[in-house]
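Have the viewer open and follow along.

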Amino acid sequence: MREGLTQEELCERIGYTSNYYGQAERGAIPLSRKLAEKLRVFYRTTFEYLYFGVRNDRVSEDTEYARHPIYDILESCTEEECDVLYEIVKPVIRNIRDYKTEEQAQTDEKDENS
């Protein structure tokens with residue numbers, strides 16, 4: 001957590017309950033645009049990172065943030081298409097995060113045994 005905050009302290013600062021935030025963090029409920037905006041501002045990050053875990057350090061010549069092309073695709077979709085894409089992507093993202101967590105745990109275990 002930024003500045004060494006606990007989840008409860010973060011939630012107090014952004015105006016959400018830790019129960020609601022925890023559900024969104026675990027993927028039990030979708031990350032709402034309103035919560036994502038609060039987190040984006042608080043952590044000074046991008047929606048891309050919050051929703052997809054992708055850091056984007058691309059900066060254009062005029063020092064503007066270069067958006068990921070997936071946003072152009074999503075913006076051109078109908079609401080129904082977005083709903084379908086969400087259902088497809090949600091388990092993929094969960095699997096990626098689980099894999100990264102498992103990979104990190106294995107790395108930590110190797111470091112402990114060294």
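## Salt bridges

A search of the whole structure, which is a predicted model, turns up two salt bridges. Side chains of opposite charge can pair when their charged atoms come close.

One of them joins the side chains of Arg40 and Glu37, at 2.9 Å from N to O. Both residues belong to helix H3 (residues 33-43), where they sit three residues apart, about one turn of the helix. Arg40 is partly exposed, with 27% relative accessible area, and Glu37 is partly exposed too, at 31%.

Glu87 pairs with Lys90, and here the closest N and O atoms are 3.7 Å apart. These two are separated by about one helical turn because they lie three residues apart in helix H6. Glu87 has a relative accessible area of 48% and Lys90 one of 26%, so each falls between the 20% and 50% cut-offs and counts as partly exposed.

## A negative patch

Helix H6 (residues 79-113) also holds Asp83. Together with Glu79, Glu80 and Glu81, Asp83 forms a negative surface patch. At 45% relative accessibility, Asp83 is partly exposed.

## The overall fold and helix H2

Let's step back to the whole chain. The protein chain has six helices and zero strands. Of its 114 residues, 19% are buried.

Which residues of helix H2 (residues 18-26) are buried? They are Tyr21, Gly22 and Ala24. Because they cover an arc of only 165 degrees around the axis, they lie on the same side of H2. Asn19 and Arg26, on the other side of H2, are exposed.

Technical notes: Residues numbered from 1 in each chain as written. Predicted model: local features only at pLDDT ≥ 70, side-chain atom pairs only at ≥ 80, totals over all residues. Heavy atoms only, no water. Patch = residues over 30% accessible without salt bridge, like charges linked within 9 Å, V, L, I, M, F, W, Y side chains within 5 Å. Areas by Shrake-Rupley, 256 points an atom, 1.4 Å probe, with all protein chains shown as cover. Salt bridge = Lys/Arg side-chain N within 4 Å of Asp/Glu carboxyl O. Lys, Arg positive; Asp, Glu negative; His and termini not counted. Charge placed at Lys NZ, Arg CZ, Asp CG, Glu CD. Helix = DSSP H or I, 4+ residues; strand = E, 2+ residues; numbered from the N terminus. Buried < 20%, exposed > 50% of the residue type's maximum accessible area, 1.4 Å probe, protein only. Arc of directions from axis to C-beta.
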